[in-house]
Amino acid sequence: GSNDHTLKVWDASNGRLLRSLERHKSWVNTVAVSPDGRFIVSGSGDRTVKVWEADSGSLLHSLEGHTDGVHAVAVSSDGRTIVSGSDDNTVKVWDASDGRLLRSLEGHTSGVHAVAVSFDGRWIVSGTADGAVKVWEADSGRLQFSVDGHKGWVNAVALSPDGHWIVSGSNDCTVKVWDASDG
């Protein structure tokens, strides 16, 4: 994804450009690929999340619902759910097959710059510009807990495959490892 409003798909074996996807109207800040490689998801300053067919580059869905730029996207391991985070302080959960908004997770006090989904699909983790990391129950959207240990923006979050650890990275130059059961 680039500030020139495009998303580029490259051949990993030789670095050759395969296609340029050009439907965003602002910077493309975040990109994710479905685990099965069938679709690509991008988020942009134009407040949209776009879902593209990986093989052809065709636009499948343009997901609208955020009221500010989208900084983070993730796809569940089963490929059924897309999660996005935005400067509108929300995390949105979308159905990947039809682009329908399933729920909006609210409770952040600043922009959401990182999202991740647990391997089993039960949990969503989000990180924000104010240094908070929140863990949400994916099915209900209920906040499980929040941790505040960073002194800067949280730019990256991940969960261990076994679901025991949450890792967060921040522009405060730290990486923190949290116990996923209680923070």
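1. A surface patch here is a set of residues with over 30% relative accessible area and no salt bridge, where like charges are joined within 9 Å and nonpolar side chains (Val, Leu, Ile, Met, Phe, Trp, Tyr) within 5 Å. Trp165, Val167, Val175 and Val177 make a nonpolar patch of about 380 Å², with areas from the Shrake-Rupley method, a 1.4 Å probe and, for residues, only the protein chains shown as cover. A salt bridge is a side-chain nitrogen of Lys or Arg within 4 Å of a carboxyl oxygen of Asp or Glu.

2. Before going on, a word on the source: this is a predicted model, in which local features need pLDDT of at least 70 and side-chain atom pairs count only at pLDDT 80 or more, while totals for chains, interfaces and linings use all residues. Residues are numbered from 1 along each chain as its sequence is written, and side-chain values use heavy atoms, leaving out hydrogens and water.

3. Back to the patch: strands S16 (165–170) and S17 (175–179) each supply at least two of its residues. Strands (E, at least two residues) and helices (H or I, at least four) are DSSP runs numbered from the N terminus. Val175 sits in S17 and is exposed at 61% relative accessible area; buried means under 20%, exposed over 50%, and partly exposed in between (1.4 Å probe, protein chains only).

4. For the overall fold, the chain has 17 strands and zero helices. Of its 183 residues, 49% count as buried. The C-alpha atoms fill a box of roughly 45 × 35 × 30 Å along the principal axes.

5. Now the inside. Not counting residues up to four places away in sequence, Ile166 touches Val177 of the patch, among others; contact means heavy atoms within 4.5 Å.

6. Finally, the charges: the whole structure holds four salt bridges. Asp36 and Arg38 meet at 2.6 Å, N to O, with Asp36 partly exposed at 46% and Arg38 exposed at 56%. Asp95 pairs with Arg100 at 3.2 Å; Asp95 is buried at 15%, whereas Arg100 is partly exposed at 44%. Asp98 joins Asp95 and Arg100 in a network of salt bridges.
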